[in-house]
Amino acid sequence: MATPTLVRGARASRSTIALKILMASTGLVFIAFVLLHMYGNLHAFAGEENFNEYAEHLRTIGEPMVPYGGVLWIIRIVLIVSLVAHVWSASQLWRRSNEARRTRYAVKKNVHSSLSSRTMRWGGVTILLFLIWHLLEFTIGKVNVAGGATNNPYELLVDSFQVWWLTIIYLVAMVALGLHLHHGTWSAMQTLGFTGSPMARRRAKIAGWVVAVVIAGGFSLVPLFTLFGVITY
């Protein structure tokens, strides 16, 4: 008589594993993207001509086999699909986790968890809201709060980060990104089976810190150096 319950439990377990794999794989897609995007942003240190050449190169990749901006749109579509899948799998896992808690404990059980693991959910929401604003400012709407040109990527970048409150918003988002990357990298490696030994777990933790510091730190350099007048035009 207990067989149907066991079957349902096995199916739920398999679907949970599938959700975790989906979340891990889409997370790795975003890690690769933000790493490349961070590297591209660092072209700002080479000056206006170099940065604008980089921005234009993104739109001419694959020509003439691919139309102008075609590869960039392919990347955007992949990222949108990955974002939807990542958010959906995260919400499903969160819902299942809540449903699995039959008893509420008076003492919180996260006393030994890291800050990055405890802030994953709200950090993800913060990053999503920032992403929407970032796209409106630099890609879709191209809003120059200083009133300058919006058709010059370098000038738009400099004008934006010379505004102190925009830089603060950006840096807060980078803190959220760093924490998210730290725990996300560890979780992805664990889900994909790369933490099977004490040494592997240590390496996964180190990888999480390296990814977080390199990407969030690299992104933070451009707004900071712009705010303090090193990057200018």
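The questions and answers below walk through one predicted model, from its overall make-up to single residues.

Residues are numbered from 1 along each chain as its sequence is written, and side-chain values use heavy atoms, with hydrogens and water left out. Because the model is predicted, local features need pLDDT of at least 70 and side-chain atom pairs count only at pLDDT 80 or more, while totals for chains, interfaces and linings use all residues.

User: How many helices and how many strands does the chain have?
Analyst: Helices (H or I, at least four residues) and strands (E, at least two) are DSSP runs, numbered from the N terminus. Read from that end, the elements run α-α-α-α-α-α-α-α. The secondary structure therefore comes to 8 helices and 0 strands.

User: Which element of the chain has the highest mean pLDDT?
Analyst: The predictor's confidence in each residue, from 0 to 100, is called pLDDT, and its mean over the chain is 87, with 89% of the residues reaching 70 or more. Among the elements, helix α4 (residues 115-118) has the lowest mean, 77, whereas the highest mean, 95, belongs to α8.

User: Why does the end-to-end distance of helix α8 agree with its number of residues?
Analyst: The expected span of a helix is 1.5 Å times one less than its number of residues. Helix α8 holds 30 residues (198-227), so it should span 44 Å, and this agrees with the distance between its end C-alpha atoms, which is 43 Å.

User: Where in α8 does a kink lie?
Analyst: The bend at a residue is the angle between axes fitted to the seven residues ending there and the seven starting there. In α8 a kink of about 25° lies shortly before the proline P223, at L221.

User: Why is α6 largely enclosed, and which elements do its buried residues pack against?
Analyst: A residue is buried under 20% relative accessible area, exposed over 50% and partly exposed in between (1.4 Å probe, protein chains only). Because 8 of the 9 residues of α6 are buried, this helix is largely enclosed by the rest of the structure. One of the buried residues is L157, which is in contact (heavy atoms within 4.5 Å) with A44, F51, F138, V222 and T226, not counting residues up to four places away in sequence. The buried residues of α6 pack against α2, α5, α7 and α8.

User: Is E49 buried or exposed?
Analyst: E49 has its place in helix α2 (residues 48-60), and its C-alpha atom is separated by 8.3 Å from that of Y154, 105 residues apart along the chain. Because its relative accessible area is 60%, E49 is exposed.

User: What kind of peptide bond joins E63 and P64?
Analyst: P64 has its place in the loop between α2 and α3 (70-100). Most peptide bonds are trans. With omega about 0°, the bond that joins E63 and P64 is cis.
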